[in-house]
Amino acid sequence: MADDLNAPLGLTTSKTGWKRLPFGAIGIALLMLLSAGAVVWTAFFPDPFGGEPTAVVRIDRGKTGVGPNDIGVGDPKRAGGGLPAEQKDGDPAAGGPADPGSRGGAGSVDPGRRIGLPPEGQPLTSTPVIRVTDRGKFGPLPKIAPDGARALEVYSRPVPKRPAATPKVVIVVGGLGLSQTGTQEALRLLPPDVTLAFAPYGSSLDRWMQRARQDGHELLLQLPMEPFDYPDNDPGPHTLLTSLTPEQNIERMHYVLSRVTNYVGVINYMGAKFSADDARLTPIFREIASRGMMYLDDGTSARSVAEPVARTSKLPFAKADLVIDAVSTEQAIDARLQQLENLARARGIAVGVASALPVSVRR
């Protein structure tokens with residue numbers, strides 16, 4: 001007992017003469033053990049939270065929750081309460097390069113309702129327009145403005161007035177943003193009449209979007225959807241899947257939609273299985289319509305039910321007539337372009353899609 005009473009605080013002796021460790025030493029030992037575990041985890045899993053795209057953004061929240069540098073609101077000296085001129089009602093006869101109403105398809109745009117079309121010759125806005133921008137969980141989302149203006153009109157590229165009988169050719173080039181070199185070359189060579197579709201996984205998407213808009217391009221966003229051979233053929237993270245609930249798919253779509261801004265609508269990326277399932281497609285199309293966008297079917301799946309679902313969902317819709325670079329040789333691409341022109345002459349309008357391959361961009 002004398003030894004126990006005389007021992008330093010926190011230490012006792014046993015019959016064997018070994019001293020028990022103090023609590024401080026135990027804590028240090030546990031900390032070292034945790035550190036060793038972290039080292040082992042990092043060694044075997046270099047990026048344990050990898051696989052999902054991430055983005056770091058600066059948030060400057062004011063009273064509205066949106067910072068003044070996040071969304072362009074125009075020069076306050078300009079007429080109309082500070083809204084930029086591109087937000088004003090434009091020529092009701094103007095349309096975008098993929099005008100859904102020109103084919104008489106589902107969700108045709110009523111010219112009397114096309115509020116907010118930018119005037120012909122006006123530079124396209126390269127910053128989000130606040131009245132058609134919503135704050136989503138993952139970032140900015142399109143919305144319908146209180147006055148009825150939609151992203152479809154506000155961000156569209158006006159088409160010069162021509163006689164109604166003039167054949168029209170629409171070309172959409174997809175896959176922008178994935179390759180820095182490829183995107184730069186496409187923006188250098190493609191004329192502004194070509195619509196560009198951005199993939200949601202590229203880096204520097206905002207920078208490329210701003211450059212494309214300043215050059216006069218209308219934009220679409222590629223929406224990854226489940227193909228029949230998924231997951232062997234995987235479009236990427238946040239792909240819309242037939243195995244998920246509508247709420248889960250809408251949340252995934254919101255993530256994709258928030259990656260970039262200033263687009264008029266979406267185009268499918270893959271998605272043969274998803275686009276054949278009307279029960280899964282319907283809530284997605286209703287959400288797209290409720291946010292004032294259009295949908296372009298790339299025409300690669302014969303089993304797609306996108307057109308009838310778009311009609312019942314009151315979603316502005318267009319469908320590509322052919323894939324220009326299905327065979328990516330100069331001769332094959334030239335033949336497809338001639339076929340596209342012939343279709344336009346016969347039917348009034350034809351829509352072709354292509355990838356941002358160097359040979360496709362050149363031709």
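I took buried to mean under 20% relative accessible area, exposed over 50%, and partly exposed in between, with a 1.4 Å probe and protein chains only.

I noted the conditions of the work. The model is predicted, so local features need pLDDT of at least 70 and side-chain atom pairs count only at pLDDT 80 or more, while totals for chains, interfaces and linings use all residues. Residues are numbered from 1 along each chain as its sequence is written, and side-chain values use heavy atoms, with hydrogens and water left out.

**Entry on H9**

Helices (H or I, at least four residues) and strands (E, at least two) are DSSP runs, numbered from the N terminus. I read H9 as residues 330-347, which makes 18 residues. From first C-alpha to last it reaches 26 Å, close to the 26 Å expected at 1.5 Å a residue. The expected span is 1.5 Å times one less than the number of residues.

I next followed the open sheet of eight strands, whose order is S8-S7-S6-S5-S4-S3-S10-S9, with parallel pairing. Strand S8 (317-319) and S9 stand at the edges, each with a single partner strand, so one side of each is left without a neighbour in the sheet. Two strands count as paired if DSSP finds at least two bridges between them.

Around S10 I recorded seven bridges to S3 in the parallel sense, with Lys168 opposite Ile349 in S10. S9 and S10 also pair in the parallel sense, over two bridges, and the bridge partner of Leu322 in S10 is Gly352. The chain crosses from S9 through H9 to S10, and this β-α-β crossover is right-handed. Right-handed means that, with the strands pointing away from the viewer, the path from the first strand over the helix to the second runs clockwise. Six of the seven residues of S10 are buried.

I then turned to strand S4 (residues 195-198). Thr195 and Ala197 point one way, Leu196 and Phe198 the other way, and all are buried. In a regular strand the side chains alternate between the two faces of the sheet. Three bridges join S3 to S4 in parallel, and Leu176 stands opposite Phe198. Three bridges also join S4 to strand S5 (residues 219-225), again in parallel, where the partner of Phe198 is Leu221. S3, helix H4 (residues 180-189) and S4 make a right-handed β-α-β unit.

**Entry on the cores**

Which residues have the most contacts inside the largest nonpolar core? I listed Leu196, Ile284, Phe285, Ile288 and Tyr295, in a core of 39 residues. The largest share of this core, five residues, comes from H7. A nonpolar core is a set of buried Ala, Val, Leu, Ile, Met, Phe, Trp, Tyr and Cys residues joined through side-chain atoms within 4.5 Å. Leu196 touches, among others, Val173, Leu176, Leu187 and Leu219, not counting residues up to four places away in sequence. Apart from this core lies another, of 21 residues, among them Ala149, Val170, Val264 and Val353.

I checked H6: its twelve residues should span 16 Å at 1.5 Å a residue, and its end C-alpha atoms are 16 Å apart, which agrees. Its buried residues include Asn249, Ile250 and Met253, and they pack against strand S2 (140-142), S5, strand S6 (265-270) and H7.

Ser243 and Arg280 are 37 residues apart in sequence and 9.1 Å apart in space, C-alpha to C-alpha.

Notes:
Contact = heavy atoms within 4.5 Å.
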